[in-house]
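Please read them with the coordinates open.

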Amino acid sequence: MDDCNCLNCHLQAKWREYYEVSEAMVRVNFPVYKEIMAILQKVCTEPVDIDQYWDMAVRLSEFLEQMGQGTVFYNYFFEQINPYHYGNVRYFRHLCLDLREQIQAFNQWRKTRRRLSVVAL
Ligand SMILES: [Zn+2]
């Protein structure tokens, strides 16, 4: 399916580009990806102690930064989570849930793509 010039195709192409960059970074930085998922799992499923918050938020944002700009991990979330930028304990858990949801959508795209490439063979 070729892209035409309509806004919908333009946005789809943008998302594909964004996801492709993210996928490449997961491959290159797989241990970092695992660290991010481990922190998100913890924050999303267990209560976060106020004393742990700062270190966790700093650590998570450092990992997000390592995944790089232009990825589902970095854009928006880095600055919103990093306590030296806009990070705030009140929104930490909510942001982690949003980020996890975004990564799940991205992983769904990766799975669909793999299936499509198998069919294409
Ligand atoms: Zn179109």
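1. Two residues are taken to be in contact if their C-beta atoms, placed from the backbone, lie within 7 Å. On that criterion, and leaving aside neighbours within four places in sequence, phenylalanine 63 is in contact with Val32, Glu35 and Ile36.

2. On provenance: this is a predicted model, in which local features need pLDDT of at least 70 and side-chain atom pairs count only at pLDDT 80 or more, while totals for chains, interfaces and linings use all residues. Residues are numbered from 1 along each chain as its sequence is written.

3. The protein has five helices and zero strands, the elements running α-α-α-α-α from the N terminus. Helices here are DSSP runs of H or I with at least four residues, strands are runs of E with at least two, and both are numbered from the N terminus. The C-alpha trace spans about 50 × 30 × 20 Å along its principal axes. Of the contacts with a separation of 6 or more, 60% are between residues 24 or more positions apart.

4. On burial: a residue is buried if 20 or more other C-beta atoms lie within 10 Å of its own, exposed if 12 or fewer, and partly exposed in between, with C-beta atoms placed from the backbone. Buried residues make up 19% of the 121 residues.

5. Helix 1 has 22 residues and reaches 32 Å from its first C-alpha to its last, close to the 32 Å expected at 1.5 Å a residue; the expected span is 1.5 Å times one less than the number of residues. Its buried residues are Ser22, Met25 and Val26. Seen down the axis of helix 1, they fall within an arc of 105 degrees, so they line one face of the helix; the arc is that of the directions from the helix axis to the C-beta atoms. The face turned away from this buried side carries the exposed residues His10, Ala13, Glu17, Ala24, Arg27 and Val28.

6. Helix 3 has 18 residues and a first-to-last C-alpha reach of 26 Å, close to the 26 Å expected. Its buried residues are Ala57, Leu60, Ser61, Phe63, Leu64 and Met67. Why does phenylalanine 63 count as buried? Because phenylalanine 63 has 22 C-beta neighbours inside 10 Å. Helix 3 is followed by glycine 68, whose phi is positive, near 95 degrees.

7. A nonpolar core is a set of buried Ala, Val, Leu, Ile, Met, Phe, Trp, Tyr and Cys residues joined through C-beta atoms within 7 Å. The largest one has 19 residues, of which Leu64, Phe73, Phe77 and Ile81 touch the most other members. Helix 3 gives the most to this core, with five residues. Not counting residues up to four places away in sequence, leucine 64 touches Ile36, Phe73, Tyr74, Phe77, Phe78 and Ile81.

8. Two loop residues deserve a look. Glycine 87 lies in the loop between helix 4 and helix 5 and is buried, because 21 other C-beta atoms are within 10 Å. Its C-alpha is separated by 7.7 Å from that of alanine 57, 30 residues apart along the chain. Tyrosine 76, in the loop between helix 3 and helix 4, has a positive phi of about 70 degrees although it is not a glycine. Tyrosine 76 is partly exposed, with 13 other C-beta atoms within 10 Å.
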